[in-house]
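Colleague: I would like to go through this structure with you, one contact at a time. Could you put it on the screen, please?

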Amino acid sequence: MVRKKSVASKVKKRKEAYKRQVKADAIPSDCVNFVNKDMQAISSDVIKVKDQFDDYKIIKDIIKKLVSKVSRLDNERKRQLQIRKQKRMSETASSNARSVLKHTRQSIWFRKKYRHNILFREQKNERVTKYFRNNYHNNNDFREKEKARIQTHISVKYRSNRNFRVENNERAKIHILNKYYNNIDFRNGVKSKAKMHFLNKYYNNIQFRNKVKSKAKMHFLNKYYNNIQFRNKVKSKANVHILNKYHNNSKFRNEYKARMNIQVSKRYKSDKSIRLRMIQCALNWYQNNNTLIRKNSRRLYNQRRRIFKKYTIIQSHKCTIKHRDLYINSLNRFRQIIREGPDYICISCRLALFRNQVLPFVEEKYIKQNMLFEIKNHIQSYFNYSSLRERKWICKLCSDKIKKRQMPSRAIVNKLEVSEIPSELKKLNNLEKHLIALRLPFLKIVNLTSGKLSSRLAQKGTKGPLHCVPSDVQDTVTTLPRPVDKSMMVRLQLKRRLKYKAVWEEQLINPNDIRDALFILTKMHPAYKNIKINEIHENYLTSDQEKILENNTDLTVETMDVDAIEQENLIEEVEVSNETRLKALALGDIDNSINSDEEIDEDDKDIRTKYNIGTDSCTQPCDFNDFLVFDKEPCVVAPAEKNKLSSLLTDKTIEALAFPHLFPDGQGSYDEEREIDLKWKEYCKARLFSSDSRFAADSSYIFYLQYLGDLKQVYSGINIAFRKKLPMSAKQSLDEMQMKFLMNKDMIYRHLQSVRGSPQYWHQRLKDLFGMTRQLGFPTFFITLSCADLRWKEFVDTFIRHTGLPVKESYTFEEKTKLLRANPVLAARLFERRFMSFMNLFIKSGAWCVGNVKDWFARIEMQLRGSPHSHMPIWVEGAPKYNGPQTDEKTREEIVKFCDKYITTRFPSLDEDAELHNSIKEVQTHSRNHSKRCLKYHKTLCVFGFPRSVSRRTFICEPIKVDNDDEKQRCKKIK
């Protein structure tokens, strides 16, 4: 055996051979005379590097040879494998051919022997059956395959072979009958299946049900007439059933008694023999049973009945008196509460609050004798003493904070004080206020007209978003036309851009009032100091008047005779529309709707009310034709055309600059730096609930606060959503697939759940209502409460008290609507107060007018006319529950009694209760002259189904069961 050399020995031999070759190729010493002598002094390090490089080269060559050798061996091995496979394939093919020949010979021999040799055939059959049985009992797969094969074979044979099918049916019948009579379990199973099949067919197939009923009736009648025993059994069962029903069912008992009394009375009157027999029986019974003991027992029984009846009457009378007293006390308390308004002013925050929100102010509770002098002065600075005679009040929040020696966040001292409004700013209308603002709030405010209510008397609403744009006040004022007289008006249109056709706001303005207001603001407001306005000298007005008298043809601004204009307007249609337009502008309407139905037009004939000019006084003459001045064409301004939008959240001066008529000195806005941090909601309460009504009376400011509050909630919700609920980057938000997925999962707008009134907010409240329904069941009552603000005198009295006018016994419709339009915040607060006191005194507790209320859910929303109303489901404890058509008779009677107890449709007369009669007639009666809402879908049929058919009793109306086409057509006709 030859030993193989190792790799190290091979490497060593290669090194030595390489050195020998280098020496052989070296240059002789005689030929190197030209070489520098310094070349001989090569360092040992260079030689070592060269040796290492040589070693690397040798190793690389060896590895290459080894790899090539391994690949050669691998290829040789693969080739040998292919040769072996080919040999095997040829051998298997030849062996298969031999085996096929052998198998055919054996099968021929087996068939011959199986046919001719009987013993061999029997032995083979026994062996096969044994093998089949063993496999069938022991092998599950074999058993299942055999069953499937046999079933398929039988089914094919059953379908194709008619004789086999007939034989099989007869054999199956005999087998089933034998099994039915011999096997009890099989018999019970067949009976139960037959019953189930019969019942399903009976309930689902109408024709089969009718056939069964008719057969059963015929069978029962034949059996009843032919079989005596069956007839006696039926009679005895009927008697027992009638007796049980008579004793258990009071309604059936009363009906049976009435029927028998009628029958007996008829027989008694018609048949003399029966009448004589009944008289004789009664006399005999009285003679036999009229003893002393029976007389005493009857007397005692009647006495007990009288006492018990008297006791029940007294108890029921006591309960009714108690409940009536409770109801009367609750009603008196409710009337006392609704008469009170927010007339109690806090001494610290100056908010106008209700009586239950304030406490009597006692100075000793907050300033004590053992306090330091500095602390006393500090606490005294929180109080604003208006007058010494009036009784002082303090709200509960301020009281708790001051007792802890802390400043209340909404105290006036916390930079919430605003200066008084100068008289020059008070007399400005809406358009004039917008013209003097350095930030112009573009907010679409509309009049919420409903029915025949005039647009100038309706409440206000908003549409669309709010945009604030910087306004060029100085340029706008200089471009305004100069009127002839200080009291004359100019028609002005405000646009977002001059090239736009749409007019944002249009009214009559007085340029002199705007200049006076700006002069005042330049002195008070720090942001108006750089605005310069040239004063108009009085000589200019007189010189202009002289020029106008001389040159009437060259006028750009004319005085107009109102009577002459009206005569021309009757001739030309264009000027008619212009006149109505000017009338609306003079009245100060924001909504420019021309086709509005006027309910009150009794003052239209008076020119002073027609153009919103003051009445007679020592400073105002009677002839106003010379004081109403218009241009030939309206003056158009766009103060914010050249400027970009201001951010509502980042611009900290936007509130004071957008509403300078509310903040004349620019102090007291929300973005002031305060000693105590003030939340947005507390700031809104401090402004809208303040005793200073300047903020609550300005609809633009109210809508500004509402929009800004919603915007703050949306931004905070978005930040929270991107931090917690939507962990995605800005790059991922550009992906359409990602955004579609989030939209489908409703994750984009989920952050709007905190914004009151949004669809996501109401969707969350709907889930809460579903949870209450799941826990408490279906609600018992559904109540709708509407705000009748023009019918409640307490509302109008509160409005009058807050304006400082004397309270009257009655008010006109125009006075009511104007007061309601001017006090939207106060109206909402009064409705909330009235609603909560009604719930506390009559529904949730107190008088319990609808029973013991377990829980309730309310949704308060605004109607089309702007007033609030609420929808409420209420759950009452112990109320009977309706379970659909499956409800039994006893439960139905309880439901009817429960409804009759709490609901009535009685219409009292004027003599009985005049107030209730008038309120039902006006509010709770559907008008015969149907409104547009009633005839929305059909011109002749009311949507609400009025007039409705009258019912003498309460009953449960269920839907008609529709089983065929005829009943469907009948239902359509009924509808």
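Modeller: Let us begin with a charged pair: Arg 491 and Glu 506 form a salt bridge, with their closest N and O atoms 3.0 Å apart. Please keep in mind that this is a predicted model.

Colleague: Where do Arg 491 and Glu 506 lie in the chain?

Modeller: Arg 491 belongs to strand 7, which covers residues 490–494, and Glu 506 belongs to strand 8, which covers residues 505–509. The pair therefore ties together parts that are 15 residues apart in sequence.

Colleague: Is Arg 491 buried or exposed? And is Glu 506 buried or exposed?

Modeller: Arg 491 is buried, because its relative accessible area is 10%, and buried means under 20%. Glu 506 is buried as well, with a relative accessible area of 2%.

Colleague: How many salt bridges are found in the whole structure?

Modeller: The search of the whole structure finds 20 salt bridges. One of them joins the side chains of Glu 794 and Arg 834, at 3.8 Å from N to O.

Colleague: Which helices hold Glu 794 and Arg 834?

Modeller: Glu 794 is in helix 28 (residues 793–803), and Arg 834 is in helix 30 (residues 824–843). The two residues are 40 residues apart, and the pair links distant parts of the chain.

Colleague: What is the accessibility of Glu 794, and what is that of Arg 834?

Modeller: Glu 794 has a relative accessibility of 23%, so the residue counts as partly exposed. Arg 834 has a relative accessible area of 12% and is buried.

Colleague: Which residue meets Lys 808 in a salt bridge?

Modeller: The partner of Lys 808 is Glu 815, and their side chains meet at 3.1 Å, N to O. Lys 808 is partly exposed at 37% relative accessibility, and Glu 815 is partly exposed with a relative accessible area of 30%.

Colleague: Let us change topic to the aromatic rings. How many aromatic pairs does the search find?

Modeller: In the whole structure, 40 aromatic pairs are found. Among them is the pair of Tyr 202 and Tyr 203, which is edge-to-face, with 5.7 Å from centre to centre and 85° between the planes. Tyr 203 is exposed, its relative accessible area being 59%. Tyr 761 and Trp 762 also form an edge-to-face pair, at 5.1 Å centre to centre and with 75° between the planes.

Colleague: Why do you quote both a distance and an angle?

Modeller: A pair of aromatic rings is described by the distance of the centres and the angle of the planes.

Colleague: Is Tyr 761 buried or exposed?

Modeller: Tyr 761 is buried at a relative accessible area of 11%, whereas Trp 762 counts as partly exposed at 22% relative accessibility.

Colleague: Which residues do ring pairs link into a cluster?

Modeller: The cluster consists of Phe 659, Phe 663, Phe 695, Tyr 701 and Tyr 704.

Colleague: What about the surface? Which residues form the negative patch?

Modeller: The negative surface patch is formed by Asp 888, Glu 889, Glu 893 and Glu 894. Asp 888 lies in the loop between strand 15 (868–876) and helix 31 (889–902), and this residue is partly exposed at 41% relative accessibility.

Colleague: One last item: how far apart are Val 358 and Lys 396?

Modeller: They are 38 residues apart in sequence and 5.7 Å apart in space, C-alpha to C-alpha. Val 358 lies in strand 3, residues 358–360, and is buried with a relative accessible area of 2%.

Technical notes: Residues numbered from 1 in each chain as written. Predicted model: local features only at pLDDT ≥ 70, side-chain atom pairs only at ≥ 80, totals over all residues. Heavy atoms only, no water. Patch = residues over 30% accessible without salt bridge, like charges linked within 9 Å, V, L, I, M, F, W, Y side chains within 5 Å. Areas by Shrake-Rupley, 256 points an atom, 1.4 Å probe, with all protein chains shown as cover. Salt bridge = Lys/Arg side-chain N within 4 Å of Asp/Glu carboxyl O. Lys, Arg positive; Asp, Glu negative; His and termini not counted. Charge placed at Lys NZ, Arg CZ, Asp CG, Glu CD. Helix = DSSP H or I, 4+ residues; strand = E, 2+ residues; numbered from the N terminus. Buried < 20%, exposed > 50% of the residue type's maximum accessible area, 1.4 Å probe, protein only. Phe/Tyr/Trp six-rings, centres within 6.5 Å; stacked < 30°, edge-to-face > 60°.
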